[in-house]
Every structure is written in structure tokens, then in C-alpha cells.
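Please consult the sequence and the coordinates alongside the text.

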Amino acid sequence: MMTVSLDLARGGVGAPATPETALPSLAGMGMEALKAHLASIGVEEKKLKMRAAQLWRWIYDAGVTDFDAITNVAKEVRAKLAATATLARPEVVERLVSKDGTRKWLIRSAPGIEFETVFIPDVAGSGALCVSSQVGCTLNCSFCHTGTQKLVRNLTAAEIVAQVMIARDDLGEWPSTQDPRQLTNIVFMGMGEPLYNLDNVAAAIDIICDPEGIAIGRRRITVSTSGVVPEIARLGRETGTMLAISLHATNDALRDVLVPLNKKYPLAELMAAIRNYPGLNNAKRVTFEYVMLKGINDSPAEARALVRLLAGVPAKVNLIPFNPWPGSGYECSDRRTIDAFADIVRNAGYASPVRTPRGRDILAACGQLRSESVKTRASVALAERLAAAEAKAESADAAPANAAPASAVGAD
Ligand code: SAH
Ligand code: SF4
């Protein structure tokens with residue numbers, strides 16, 4: 001495996017928890033919270049707006065991690081800030097770089113609160129950061145590794161923003177306003193279901209897209225949902241971001257199995273909510289994600305059914321080769337099957353790129369994210385299953401009539 005683990009000892013990244021970090025960090029705070037903090041250290045009411053705007057630029061444009069770096073604020077105010085707050089990011093407990101350049105950070109913001117963020121560089125010099133919105137997920141999609149991890153909790157807006165700041169620290173891309181920059185897009189496609197945490201996701205997006213700060217425009221932010229129908233309109237109204245739908249099946253019977261939330265919000269309701277998403281047009285299309293599962297959802301008939309389902313929706317389709325994980329029980333469709341599926345969708349007028357899996361070697365690809373602790377438990381469980389299967393095979397050698405096929409291993 002080509003995984004490389006790199007040194008974490010850099011300014012701001014992976015800073016060990018020190019007594020000072022018990023102070024609140026301003027990195028990740030919204031404008032109102034920042035003003036409240038300034039008021040609490042005695043900044044006068046009439047100067048609050050100006051001081052908060054200054055600080056905002058230092059935090060989110062310059063990316064400072066030390067109050068001493070702030071040059072245009074009176075020394076005395078700086079001292080008060082340093083005595084009452086920090087600019088620390090949450091701890092980076094693991095940083096991995098794939099042979100294809102994908103980077104993954106495992107971040108810990110509090111005991112037991114661990115989540116992953118992945119940066120996927122693009123050939124054209126741009127790149128997308130895939131952020132998590134929850135620790136774990138309640139939804140149990142049958143092909144998703146995250147779905148096997150119980151929900152621990154929603155991430156706060158500050159924890160979501162911190163993922164972007166940690167990536168910027170690591171990529172060396174402060175100030176935010178530099179051009180060109182690699183981190184150009186954000187996708188909410190990490191761990192968790194963003195529409196079950198919409199208040200915090202929307203608050204984080206307000207911070208991330210502010211032009212005086214991190215400055216990633218709303219059209220460059222995509223929120224992916226497995227289909228939380230009642231929140232789709234609010235997502236559009238409150239964030240104005242791009243919508244992605246994890247579709248994966250074209251009929252309710254199959255989607256009920258792959259995405260169990262479908263039993264609550266079936267396809268007809270989902271498609272109606274999508275059609276009403278604010279601002280949809282040919283320049284602002286919905287992305288439909290469709291994971292290619294061998295023999296499950298990948299036939300030409302299903303490609304045609306997909307085209308019928310999308311009729312009249314400004315849409316593009318991302319075909320995602322299934323990323324395997326131990327014990328999933330699924331396999332990825334063959335390349336030829338995927339290409340045939342893509343052709344049918346493309347010939348009907350929808351862009352249908354086949355996603356190249358990125359960062360598979362560091363378990364950073366779609367659906368592979370989960371916290372380290374759970375990973376360890378899973379590998380122990382897998383080792384136990386393999387040992388049991390081996391023992392079974394050995395006894396089968398003695399009595400061949402009972403032999404279990406090797407393919408049964410890991411399929412439960
Ligand atoms: N919960 C949200 C966002 C996170 S998942 C959602 O489901 O949309 C991001 C994407 O990865 C989703 O489309 C999801 O269905 C897909 N995915 C999950 N597991 C996968 C796997 N093993 N291989 C390929 N894609 C997967
Ligand atoms: Fe949750 Fe999305 Fe995975 Fe489904 S695909 S279990 S909604 S993270």
C-alpha cells in the first residue's frame with residue numbers, strides 16, 4: 001500500500017491540546033459570536049462592527065493562528081484577546097496522502113468526536129474539499145461504510161468551518177484571496193447526512209462563502225443528500241448552494257434496500273422536491289449520484305429508467321464506481337457495463353461522467369469514511385471472521401462435502 005503518513009508538527013495543524021485550548025477558539029465562529037466576544041472583552045459598542053470585520057479578515061482571509069500576527073489592532077486589545085480566546089484549530093490526529101495526491105485528515109474536536117475530511121486535487125489545478133457534517137450517520141445505506149457507524153452527534157458550524165481551515169493550513173493557501181488556489185470547491189459528501197444538520201450546515205456555509213474571508217462562492221458548494229425531502233426547499237432558500245441527490249436506484253423496491261430512507265420519502269416525493277429546488281436551470285443543475293453495483297442497479301434497462309425519471313429536470317449524473325470495503329457484500333460493476341450505462345444516459349442529453357475513484361489506498365473514497373476507532377474495531381471483527389472461515393475451510397478439507405465457497409467470506 002502506498003499510504004504515507006506525514007509529520008504533523010506544523011503551525012496550527014495538529015496542535016496538541018494545551019491548557020490554553022480550554023479557551024474558546026475564534027476560528028470557526030460566526031460574525032455574531034465574534035461581536036459578542038469582542039463586547040465581552042470591553043470593545044465599545046460603536047467600534048464593534050469595525051473591530052469584528054477586521055478580526056474576520058485576519059481569521060478567514062489571512063488565516064492567522066496567533067494574535068501577535070494581527071498588526072492593525074491595538075496591543076491592548078490583542079492582549080485581551082489572547083487572554084480570553086485562541087485561534088486554534090481542532091487537533092489533526094492523522095494525516096494521509098494517497099499516491100494520487102488525495103489528502104485525508106482525521107480530526108478530533110473533543111473526546112470521541114472524530115471526523116474525516118478529504119481534499120481531492122483536480123488536474124486543472126482546482127480541487128474539491130469533501131467535508132463531513134456528522135460523526136457517523138443514522139441512515140444505514142447498505143453499500144456505505146459510514147452507514148455502519150452509529151451517529152455520535154451533529155458537527156457544529158465551527159467544526160465544519162474548521163475542516164476548511166485545516167485544509168487551507170495544510171495546503172498553504174492563506175490568504176484566502178490568493179489566485180490561483182487549489183481549494184476551489186466544497187462538497188458535503190463526507191460523513192453524515194447534511195440535511196439532518198441543516199442549521200449548522202447553513203451557518204457554516206454563510207462563513208465559508210463570505211467574500212471577505214474564505215470566499216468560496218455558493219455555486220462552488222454542493223450539498224449531497226440521500227433524500228431528506230422536507231429539508232430540500234429550505235436548503236435552497238437558506239444556502240443557495242448546488243444540490244446533489246444520492247439516487248442509486250430508479251424504482252422504490254430497490255431504493256428501499258439501498259437507501260432505506262426511501263421508505264419514508266419515496267421516489268415520487270423526492271423527484272417533486274427536486275423539481276421545486278429554487279433557481280434550477282441549465283446553468284444550475286442538480287447532480288444525481290449513482291453508485292454502480294454489479295448485478296444490482298447497472299443494467300441498460302435501469303439506465304433507460306433513469307433517463308425517464310429525470311425527464312425535464314436540469315440534471316447531470318455522476319456514475320460512481322462502488323468503492324469496496326470489507327464485508328459490504330457488494331461488488332463494483334465492470335468497466336464495460338458502466339460505460340454502456342453512461343452511454344445511454346449521455347445519449348439522452350445528460351452529462352454522465354464516470355467518477356475516477358480517488359484516494360482508495362487511504363480509504364478516502366466515497367463511502368469509505370469513518371472514524372479510526374471504528375475502523376480498528378471493524379478490522380478486528382474482519383480478522384475474526386476470516387479466521388473462522390479459515391477454520392471452516394480446514395475442516396472442510398477433511399470433509400469436502402461441507403466446503404463453503406470462498407466468496408461467502410465477508411458477504412454477511
Ligand atoms: N449522506 C450524504 C452525503 C455523504 S455520502 C448522501 O448520502 O448523499 C457521499 C456519496 O458517496 C453518496 O452519493 C453516497 O451514496 C456515496 N457512497 C457511499 N458509499 C459508497 C461506496 N462504498 N462507494 C461509492 N460511493 C459511495
Ligand atoms: Fe449516511 Fe450518506 Fe452513507 Fe447513506 S450514503 S449511510 S446517508 S453517509
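This is a predicted model: local features need pLDDT of at least 70, side-chain atom pairs count only at pLDDT 80 or more; totals for chains, interfaces and linings use all residues.

Residues are numbered from 1 along each chain as its sequence is written, chains are lettered from A and ligands numbered from 1 in the order in which they are written, and side-chain values use heavy atoms, with hydrogens and water left out.

**Overall make-up**

- The chain contains eleven helices and twelve strands; helices (H or I, at least four residues) and strands (E, at least two) are DSSP runs, numbered from the N terminus.
- Of the 412 residues in the chain, 50% are buried; buried means under 20% relative accessible area, exposed over 50% and partly exposed in between, with a 1.4 Å probe and protein chains only.
- Among the contacts in the chain with a separation of 6 or more, 67% involve residues 24 or more positions apart, where contact means heavy atoms within 4.5 Å.

**Nonpolar cores**

- The largest nonpolar core has 106 residues, of which L26, F143, I186 and F288 touch the most other members; a nonpolar core is a set of buried Ala, Val, Leu, Ile, Met, Phe, Trp, Tyr and Cys residues joined through side-chain atoms within 4.5 Å.
- Helix α4 (residues 157-171) supplies the largest share of this core, eight residues.
- Because domain 1 (31-84) and domain 2 (91-394) both give residues to this core, it lies between them; the domain bounds come from an automatic or database domain assignment.
- Another core, of six residues, lies apart from it and includes L96, V187, I362 and A364.
- Not counting residues up to four places away in sequence, F143 touches H248, L258, V259, V291, L293, F322, W325 and Y330.

**Helix packing**

- Helix α5 (residues 198-208) packs against helix α6 (residues 229-239) at an angle of about 20°, with the axes 10 Å apart; axes are lines fitted to C-alpha atoms, for helices over the stretch in contact, and angles run from 0 to 180 degrees between N-to-C directions.
- This angle makes α5 roughly parallel to α6, a term for angles under 35 degrees.
- The contact between these helices involves L198, D199, A202, I205 and D206 of α5 together with E231, R234, L235, E238 and T239 of α6.
- The crossing of α5 and α6 is right-handed; a crossing is right-handed if the near helix is turned clockwise from the far one by less than a right angle, and left-handed if anticlockwise.
- L198, V201, A202, A204, I205, I207 and I208 are the buried residues of α5, and their cover includes α2, α4, β8 (185-188), β9 (221-225) and α6.
- The axes of helix α1 (residues 31-40) and α2 come within 9 Å and cross at roughly 120°, in a right-handed crossing.
- On the α1 side, M31, L34, K35, L38 and A39 meet L48, K49, R51, A52, A53, L55, W56 and I59 in α2.

**Selected residues**

- Y60 belongs to helix α2 (residues 45-62) and is buried, with a relative accessible area of 0%.
- Not counting residues up to four places away in sequence, Y60 touches L26, A27, G28, M29, V161, M165, W174, S176, I207, G213 and I214.
- Although 117 residues apart in sequence, Y60 and T177 are 9.8 Å apart in space, C-alpha to C-alpha.
- N282 lies in the loop between α8 (267-275) and β11 (286-292) and is exposed, with a relative accessible area of 58%.

**Backbone geometry**

- Most residues other than glycine have a negative phi, and most peptide bonds are trans.
- W174 and P175 are joined by a cis peptide bond with omega about -5°, and P175 lies in the loop between α4 and β8.
- A cis peptide bond also joins D179 and P180, with omega about -5°; P180 is in the loop between α4 and β8.
- N140 has a positive phi near 55°, is placed in the loop between β6 (134-135) and β7 (153-154), and counts as partly exposed at 46% relative accessibility.
- A215, which is not a glycine, has a positive phi of about 55° and sits in the loop between α5 and β9.

Conventions:
Angles under 35 degrees count as roughly parallel, over 145 as roughly antiparallel, 65 to 115 as roughly perpendicular and the rest as oblique.
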